[in-house]
Structures are given as structure tokens and as C-alpha cells.
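Let's go through how to read a few features of a model, one at a time. Have a look at it before we start.

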Amino acid sequence: MMNFSPAVRVQALRVVRGGREVLHGVTFDVPRGSILGLLGPSGCGKTTLMRALVGVQIVKGGTVTVLGEPAGSPGLRRRVGYSTQTPAVYADLTVAENLRYFASVLRAPRTDAARVVDEVGLGKHRDQTAQTLSGGQLSRLSLAVALLGSPDLLVLDEPTVGLDPVLRQELWELFRELADRGVTLVVSSHVMDEAGRTDRLLLMREGRLLADGTPDGLRARTGTPDLEEAFLQLITEKAGSLA
Ligand SMILES: Nc1ncnc2c1ncn2[C@@H]1O[C@H](COP(=O)(O)OP(=O)(O)OP(=O)(O)O)[C@@H](O)[C@H]1O
């Protein structure tokens, strides 16, 4: 039977960190097999929101439902892949050793380590220790770990930081292939030209959603083809309406 419920449903989510509310009631859905982009200035709450999706963030209010279960449920552990901004891999293990290790922890198929190394284009570096990788290679290793076990939801925190335009393009092509296979992706980025590659964009500012729509919808609403310009316009609009 087809499952039409959204992959992610976030309702009225509030989070307090360090005694301060950093998410002030965020609500959105992510349909299965789509790519949601999370954009907004540094400190607006993107990482906090992603932590709530993977179930490692204590929440003050609201609900987060992932693949039909409360975020963080044990049953979701192998169905959700998360790559953080600071890669959590072993510095003194090689690329291949790291992947074999995490594959065994996740009880992913043995062949998975080889598959994901190719998917992220790290084949040439498989025998290099993680500590000798460049920043971009390290973030691709982190992405490879998230792909182990073929999760249904991928939560990727700035996966393309430090990558050249060619690699960024290749990774976005991979994200689209995964979405076409039914995987749901939530991807944060600082880079506006990547925003146009998503199915839906959440523009965040200071713990609130400034806009939620398709890239074309946001362009139409603001009357500009440039998403960066659209974002700035929405911020000004909001500031005006609050004044
Ligand atoms: N452990 C913490 N204690 C106190 N405040 C925190 C903590 N972690 C994050 N914050 C605050 O929560 C807010 C949201 O942070 P978050 O990391 O989610 O932002 P972000 O949008 O991911 O930023 P960036 O793009 O720079 O990674 C920020 O104001 C940050 O200072």
C-alpha cells in the first residue's frame, strides 16, 4: 500500500537552548521523496531544527513526527541518516575502515561501505586516514556514513560546505537521484544558488519561518528570479510589517 502521510511533520515546535527560546513554534511538513532546503542566516536555528528531526534535541513544546513515529523512537534509528557539520568519524581510521565500522554498528549490508564510497566520490581516497582528508573530503565521508543502510530520511547539515562547484553539482545530482528513489532529504545550506535545486524551501530567521514554498513560488511572490534577492525582500517585508 502506498504511504501518503508526510515523511516529516513538525507542529508548533519550540526549543529552548541555554535558557533562551531559539525555535518559537515552527510548523511544516515534508512529503516523502522530496528535497526540503533549510536556509537562513547563521544562528537562526537550522541545526537545532535538524537535531529535533533526528531526536537528539530536548523540545519545550510541539510535536515532531518522522516516518509516522515520534522523532528519536528506537525504530527510526536505522531509517534516519544524519550528517552533522562536524563530522563524527575516527581520525586514525581510513575512509574504508570508518565506513566498515559504522556499517557494522548500523547492521547495514556488508556491501554498503563500497557503495557509499562511490556515491560520494571518495573512491580514490578510500585508504587514506580521515585525519589526512581535506575539509570537503571529510564532509563527503560524513555524508557517506549517513547513506549507510539506505535510510528513508536523510538529514544533512550543510553537506556542501567547502566543496568546489563541480562537486557541489554532483552531490545535488545524487540528492535528486535519492529523492527519485523515494528518499526524503532535509538539507541545510548557506548558499542560495543551491536553494533552487530543492522542491521546497523553508527560509528561517531568528527561530521562525519567514517563508515556506517552492523556489518558483518564492520567486513569484517577490517578483525576483534571484532567490537571494527574494530572501532579502521577505526580510524587509517582515521588518516593515512588525514596525
Ligand atoms: N548549546 C547551546 N547553548 C546555548 N545556546 C545555543 C546552544 N546551541 C545553540 N545555541 C543557540 O541557538 C541558536 C540556534 O543555533 P543553531 O546552531 O540551530 O543555528 P544555525 O542556524 O544552525 O546556525 P549556523 O548556520 O551558524 O550553523 C543560536 O542563537 C545559538 O547561539
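**Domains and ligand shell**

Q: How far apart are the centres of domain 1 and domain 2?

A: Domain bounds come from an automatic or database domain assignment. Here the centres, taken over C-alpha atoms, are separated by 26 Å. Domain 1 covers 1-79 + 153-161 + 185-242, and domain 2 covers 82-150. Keep in mind that this is a predicted model: local features need pLDDT of at least 70, side-chain atom pairs count only at pLDDT 80 or more, and totals for chains, interfaces and linings use all residues. Residues are numbered from 1 along each chain as its sequence is written.

Q: How many residues are in contact between domain 1 and domain 2?

A: Two residues count as in contact if their C-beta atoms, placed from the backbone, lie within 7 Å. By that test, 10 residues of domain 1 touch 9 residues of domain 2. On the domain 1 side, H1 and strand E7 (153-156) each give two or more residues, with E7 giving the most, 3 residues. Helices (H or I, at least four residues) and strands (E, at least two) are DSSP runs, numbered from the N terminus.

Q: Which residues surround the ligand?

A: A residue is near a molecule if its C-beta atom, placed from the backbone, lies within 6 Å of it. The ligand has Arg17, Gly18, Val22, Gly40, Ser42, Gly43, Cys44, Gly45, Lys46, Thr47 and Thr48 around it.

Q: Which helix gives the most to that shell?

A: That's helix H1 (residues 46-54), with 3 residues.
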